[in-house]
Amino acid sequence: MKIQRYYKYLLSAGAIALLALSCSDDPNNKPVPSVPTSDRTVLVYMEANNNLGSSGFDADDIEEMKTAADNGDIPAGGRLLVYHHAYAEEPVLLEIKNKSVDTLAIYDTSTYSIHSERMTKVLDDVVKLGNAREYGIVFWSHGSGWLQDGISDPIDELATYSYGYDRSRSMNITTLARVLETIPNLDFIYFDCCYMASVETIYELRHCANTIVASATEIVNTGMPYQDNVACLFSKGKADLENAARNTFRYYDSKTGLGRTCTMSVVQTSGLEALAHATSEIYKHSSTGIPSGYIPQRFSNISVNNCYYFDFKDYVKALSFNGDNERFDGASDLFCNFEKIFDNVVTYSAATPFLWNSVALDRHNGLSSYILKSDDAISVKNYNTLSWYRDVASNLVRK
């Protein structure tokens, strides 16, 4: 059922007061209470001013959130907020409660929802209104992981997806990281969008949150089952992110045909610096290009030459071993150390047998990576602007 849009105009007296706080340009009108008023505030940043919104997938997911709230899945001390930019409408900041949806703020469309200025404004409002001990963010929209062809500040170019898609524009992952690093007590990020479980993306966000949930492949337009996962996001103590990822995976793994397609991963960011170092030690003995005889695990249903997403762990293993033999002295020890760290970073991963019933996913380990197939590939989609390239991939020996 499509959600009705009437709620955006129903401002209670309390909501009007909050609106005044969130939209005023006068910092004196934005007092921050010294004592947290909620234990956990979760924001769903729903950029749906695109084909997902015009198809009603945002409305369906909000209905699922309302169902979860009505079932009591948001406990006392928890707040579920949604920045909802519906197709061809003004964005609104909502709070979903048991039996009600309150509008806390209305924003204009003078700024793209995926521009750093708008996202910073929304997050500032959420921190002030949510006033929580910890925060979680679900990013809902299109996604393409590390691809660095999003908008710059100021806006000056068209783009394909990186994160979000608002009027043919998207946000670079480097910009997203810069914005998110300003949020206090951000515990987790859940990407309900495609391709965000790349090592390049996760590494760029390593200082933003403790845990990141994402998919290495495309996800189905219907996204995660919010009616099942809201309870996980508000579980007592810490958000139960592994069960949230497991719920999403099981939801799609139970389907048949093209609908049975899903990969999910849960990543602990505290180990990413160690993973980067362990990877660098292997890359220093390796070169750009695909190792001889190696067929990489694709996470897209296009050709190897045109693909941006390959299984990261499988690729590092191929750089270390040629069949049963080491490619260089000490490869076994270096890969053993890499694998141990990797398994502590990726604490949950799952994949259906096939992607879109066409690409076998028998070597999915939880994170994707771009393979620098030639020297020219270093600047493709501005790969060389990423922290992962600077700290890790640049250690590959140029051919």
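The dialogue below treats a pair of helices and then a sheet.

Mentor: Please note at the outset that this model is predicted.

Trainee: By what is a pair of packed helices described?

Mentor: Two packed helices are described by the angle between their axes and the distance between the axes. Here, helix α9 (residues 272-283) packs with helix α11 (residues 331-345) at an angle of about 155°, and their axes are 9 Å apart. Angles over 145 degrees count as roughly antiparallel, so α9 is roughly antiparallel to α11. The crossing of these helices is left-handed.

Trainee: Which residues make the contact between α9 and α11?

Mentor: On α9, they include Leu272, Leu275 and Ile282; on α11, Phe335, Phe338 and Phe342 are among them. By class, the contact has 11 nonpolar, two polar and one charged residues.

Trainee: What is the order of the strands in the open sheet?

Mentor: The nine strands run β4-β3-β2-β1-β5-β8-β9-β10-β14, with mixed pairing. The edges are β4 (100-106) and β14 (346-351); each has a single partner strand, so one side of each lacks a neighbour in the sheet. Neighbouring strands are turned by 15° against each other on average, direction ignored. Within the sheet, β1 (residues 38-47) and β2 (residues 78-85) pair in the parallel sense over eight bridges, and Leu43 has Leu81 of β2 as its bridge partner.

Trainee: Which strands do helices α8 and α11 touch?

Mentor: Helix α8 (residues 241-253) touches β8, β9, β10 and β14, and its direction makes about 5° with that of β14. Helix α11 touches β10 and β14, and its direction makes about 80° with that of β14.

Methods. Residues are numbered from 1 along each chain as its sequence is written. This is a predicted model: local features need pLDDT of at least 70, side-chain atom pairs count only at pLDDT 80 or more; totals for chains, interfaces and linings use all residues. Side-chain values use heavy atoms; hydrogens and water are left out. Axes are lines fitted to C-alpha atoms, for helices over the stretch in contact, and angles run from 0 to 180 degrees between N-to-C directions. Helices (H or I, at least four residues) and strands (E, at least two) are DSSP runs, numbered from the N terminus. Angles under 35 degrees count as roughly parallel, over 145 as roughly antiparallel, 65 to 115 as roughly perpendicular and the rest as oblique. A crossing is left-handed if the near helix is turned anticlockwise from the far one by less than a right angle, and right-handed if clockwise. Contact means heavy atoms within 4.5 Å. Ala, Val, Leu, Ile, Met, Phe, Trp, Tyr, Cys and Pro count as nonpolar, Asp, Glu, Lys and Arg as charged, and the others, Gly among them, as polar. Two strands pair if DSSP finds at least two bridges between them.
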